[in-house]
Amino acid sequence: MARYYINEEQVQELEKARKKNKDKKVERRLEALLMHAEGKKRGEVAAKTGYATSYISELVSKYCNQGLPAIVDNHYAGNRRNLSFKEEEALLEPFRKKAEAGEIVEVGEIKRAYEEATGTVLGDNNKGQIYRVLKRHGWRKIMPRSKHPKKASDEEIAASKKLTVLSGKNWQITPNIGMSG
């Protein structure tokens with residue numbers, strides 16, 4: 001197993017990076033590297049930083065082989081989409097025209113076009129991806145209001161709301177029979 005040593009010049013580089021740094025995660029990594037440079041064992045560094053000993057070895061190796069950018073830089077891109085916003089817009093344009101003409105647009109058609117454009121197959125675990133694309137571009141699902149099949153007509157409902165007095169049957173007060181009073 002190769003043992004990596006961090007020299008004085010590298011320690012100064014790490015200290016400068018630590019002063020400029022504003023990210024807490026990067027701070028912990030730099031701190032772990034500086035402790036290693038001081039000669040502390042992996043177990044001690046792990047106890048103080050909360051990292052696993054194997055990760056500390058990986059950090060030191062990565063720093064010694066790839067330099068400071070491997071530790072400090074963010075390696076994750078922000079846009080994880082397959083297409084840019086403009087490309088998505090261009091993909092949806094024919095479907096938008098179809099919808100504006102009053103035709104029904106199905107998500108399955110859009111999904112197939114999206115898969116062709118990206119060259120990837122969206123499986124069952126990516127069902128929401130097309131819906132997120134549509135939401136991003138202002139699309140929404142329009143459905144008729146649901147109605148119960150046995151619901152009364154609007155006229156019947158309106159008629160039942162009116163209070164009417166039935167002819168020949170008026171309410172009257174009857175004496176209490178069987179009650180003492």
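Figure 1. The side chain of E27 meets that of R18 in a salt bridge with an N to O distance of 2.5 Å, the term requiring a side-chain nitrogen of Lys or Arg within 4 Å of a carboxyl oxygen of Asp or Glu. R18 is likewise partly exposed, at a relative accessible area of 32%. Five salt bridges are present in the structure. The model being predicted, local features need pLDDT of at least 70 and side-chain atom pairs count only at pLDDT 80 or more, while totals for chains, interfaces and linings use all residues. Residues are numbered from 1 along each chain as its sequence is written, and side-chain values use heavy atoms, with hydrogens and water left out.

**Figure 2. The salt bridge between E88 and R136.** The two side chains meet at 2.9 Å, N to O. This pair links distant parts of the chain, since E88 belongs to helix α6 (residues 85-100) and R136 to helix α8 (residues 127-136), 48 residues apart; helices (H or I, at least four residues) are DSSP runs numbered from the N terminus. E88 is buried, with a relative accessible area of 0%, whereas R136 is partly exposed at 30%.

**Figure 3. The salt bridge between K111 and E115 within helix α7.** The side chains of K111 and E115 meet at 3.9 Å, N to O. Both residues lie in helix α7 (residues 107-118), four residues apart, which is about one turn of the helix. K111 is partly exposed, with a relative accessible area of 29%, while E115 counts as buried at 18% relative accessibility.

**Figure 4. The crossing of helices α2 and α4.** The axes of helix α2 (residues 24-37) and helix α4 (residues 53-66) come within 10 Å and cross at roughly 85°, each axis being a line fitted to C-alpha atoms over the stretch in contact, with angles running from 0 to 180 degrees between N-to-C directions. Helix α2 is therefore roughly perpendicular to α4, a label given to angles of 65 to 115 degrees. The contact (heavy atoms within 4.5 Å) is made by R29, A32, L33 and H36 of α2 together with Y55, L59, V60 and Y63 of α4.

How values were computed
Buried means under 20% relative accessible area, exposed over 50%, partly exposed in between (1.4 Å probe, protein chains only). Helices (H or I, at least four residues) and strands (E, at least two) are DSSP runs, numbered from the N terminus. Angles under 35 degrees count as roughly parallel, over 145 as roughly antiparallel, 65 to 115 as roughly perpendicular and the rest as oblique.
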